[in-house]
Amino acid sequence: MLVDSFGSIALYGSLAIITGFAIHILSQLVAKSDPKKPPVVFHFVPWLGNAVVFGMQPIKFLQDCQKKYGDIFTFKMAGMTITACMGADGNQFVFNSKQNLSSAAAAYNHMTKYVFGSDVVYDAPHNIFMEQKRFIKAALGADNFRKHVPMITSECNEFFEKNLSGSTGVVDAHTMFSKLIINTASRCLMGKEIRSNLDDGPVAKLYYDLDQGFQPINMMFPNLPLPSYKRRDIANQKMTALYASIIKRRRDENDNIEQSNSDILQTLMESSYKDGTPLPDEHIAHMMIAVLFGGQHTSATTATWTMLELAARPDIMKELRQEMIDKLGSLKAELTFDNLKDLTLLEACVRETLRLHPPIFTMMRKVIADKLVYEKTGHTIPKDHVLFAAPGVTQVDDKYFNNPTKYDPYRWIEKTDPVHAMEVGADANEDYGFGAVGISSKSPFLPFGAGRHRCIGEQFGYLQLKAVIATFLTTFDIDYPEGSKGVPEPDYTSMVVIPKHPCDIRYKRRQ
Ligand code: HEM
């Protein structure tokens with residue numbers, strides 16, 4: 001009897017699921033689509049939608065959909081309804097949409113507020129966040145950069161002595177550059193106290209626990225009753241308390257009397273909101289966590305991909321060294337903020353890495369108005385749709401770049417790609433509250449985003465990457481170890497695009 005009723009429940013359950021699936025599929029095939037709304041990409045599984053195909057090869061998925069549906073289409077992914085706006089015009093539309101129509105906060109804050117903490121970035125009112133960006137940007141100027149370059153090179157040399165001490169060896173490029181970048185960035189931006197705590201104190205573990213709150217699962221389920229979520233929250237409290245104690249000590253001891261602190265922390269400690277309120281310590285701590293996450297994975301993965309591309313191109317490495325000899329006098333010359341500017345090919349290599357391997361290849365906003373109209377196609381995008389801009393696709397579009405899948409830093413020097421014709425003339429400048437930024441209305445090359453949410457760490461990012469790569473190349477020769485397949489495939493399963501492992505390179509200390 002009991003077995004019978006279980007059997008019937010199972011049978012009816014299966015029938016209900018099959019019927020549900022059939023209705024879901026038929027409704028997509030038969031129902032007439034609304035021509036005013038963007039076309040919807042077909043998917044088999046409700047809720048999950050196109051998540052699996054997107055998750056495996058997002059660039060190809062977006063390129064295929066663009067070919068099939070045009071420059072605007074809607075797809076489903078893990079409960080989200082996403083409308084992708086493709087091409088340079090799509091980027092422009094998403095990045096420069098008005099704040100009362102679509103919002104980055106509505107797209108990101110459910111995840112970021114737990115990692116960064118309250119009242120900063122997307123958890124702050126938009127005008128306050130723009131002020132916070134202005135404070136951070138104030139710390140990222142030439143005076144501080146001059147002090148940062150020797151700090152970066154000394155961190156690199158210490159790191160090489162400690163971790164790559166033999167004359168030759170094989171090392172996982174991503175692991176190595178993640179460690180090196182956290183050392184250099186924390187020394188320059190986070191403050192000497194955080195840097196020393198990385199080696200001997202709790203910061204490495206706190207960083208790890210916070211980082212576990214920045215996984216794709218947190219985007220879908222920001223707050224599950226799981227240990228990793230609890231550790232994330234505890235880490236945020238401990239990091240906030242650690243910063244509070246550092247701020248107190250600096251104030252009590254009048255630590256910056258000789259203007260020796262060139263980090264963001266010091267600048268924030270001396271900043272006040274427009275209404276005259278000094279930044280509360282908690283805001284400072286939470287902004288420092290946000291800065292750490294804004295710069296860490298993005299810069300670490302760019303350093304990694306650059307070295308992985310160069311390891312396959314001894315010809316470019318040779319030219320990079322020649323450039324240093326020609327412009328700086330010798331490979332032993334001390335790197336400075338000013339002489340790094342002369343290393344054009346090195347800059348082009350970083351730029352080319354950001355084109356081919358942008359750490360953030362799509363950027364999101366959520367429609368918060370009842371509807372949003374994309375004038376170019378006349379489509380109406382409903383409220384709650386997530387908007388996607390996809391610079392990761394425009395950056396490998398042969399409409400804008402010749403031979404787009406080739407790693408070719410010289411394209412940025414020779415400037416023969418169609419993209420350069422589009423960039424001619426001054427870009428429209430707009431001040432959203434953190435200083436004027438080009439709204440980059442014409443360029444399909446946007447690894448740092450555009451508009452009000454544009455990155456403020458770009459200059460520091462280039463400076464740090466150039467200093468790290470130049471120091472590495474003057475110290476080591478690199479190539480791929482025997483049996484390696486060369487430049488690895490991208491892994492899209494983490495929040496930034498990292499190389500698939502193994503991503504080993506072989507280093508040989510130069511004489
Ligand atoms: C190679 C290095 C970096 C890359 C590729 C990168 C990329 C980006 C991108 C694509 C955005 C725009 C996000 C969006 O529109 O949704 C962004 C914003 C931002 N980045 Fe960076 N970034 C880098 C380094 C840094 C560094 C070093 C810092 C801090 C010093 C930083 C701080 C920020 C901040 C505060 C924002 C503003 C977010 C907003 O307004 O919504 N970034 N970055």
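What follows is a set of questions about terms, with answers that set values against cut-offs.

Tutor: This is a predicted model, in which local features need pLDDT of at least 70 and side-chain atom pairs count only at pLDDT 80 or more, while totals for chains, interfaces and linings use all residues. Residues are numbered from 1 along each chain as its sequence is written, and side-chain values use heavy atoms, with hydrogens and water left out.

Student: Why does Met56 count as exposed?

Tutor: Exposed means over 50% relative accessible area, buried under 20%, and partly exposed in between, with a 1.4 Å probe and protein chains only. Met56 has 60% relative accessibility, so Met56 counts as exposed. Met56 is found in helix 2; helices are DSSP runs of H or I with at least four residues, strands are runs of E with at least two, and both are numbered from the N terminus.

Student: Why does Tyr108 count as buried?

Tutor: The relative accessibility of Tyr108 is 16%, and therefore Tyr108 counts as buried. Its place is in helix 5, residues 104-116.

Student: And why is Cys349 called buried?

Tutor: Cys349 counts as buried because its relative accessibility is 0%. Cys349 belongs to helix 17, residues 344-356.

Student: Which residues come nearest to the ligand?

Tutor: They are Tyr108, Tyr122, Lys133, His453 and Cys455, out of 26 residues around the ligand. A residue is near a molecule if one of its heavy atoms lies within 4 Å of it.

Student: How many residues of the shell around the ligand are nonpolar, polar and charged?

Tutor: There are 15 nonpolar, eight polar and three charged residues. Ala, Val, Leu, Ile, Met, Phe, Trp, Tyr, Cys and Pro count as nonpolar, Asp, Glu, Lys and Arg as charged, and the others, Gly among them, as polar.

Student: Which helix gives the largest share of the shell around the ligand?

Tutor: Helix 14 does, with six residues.
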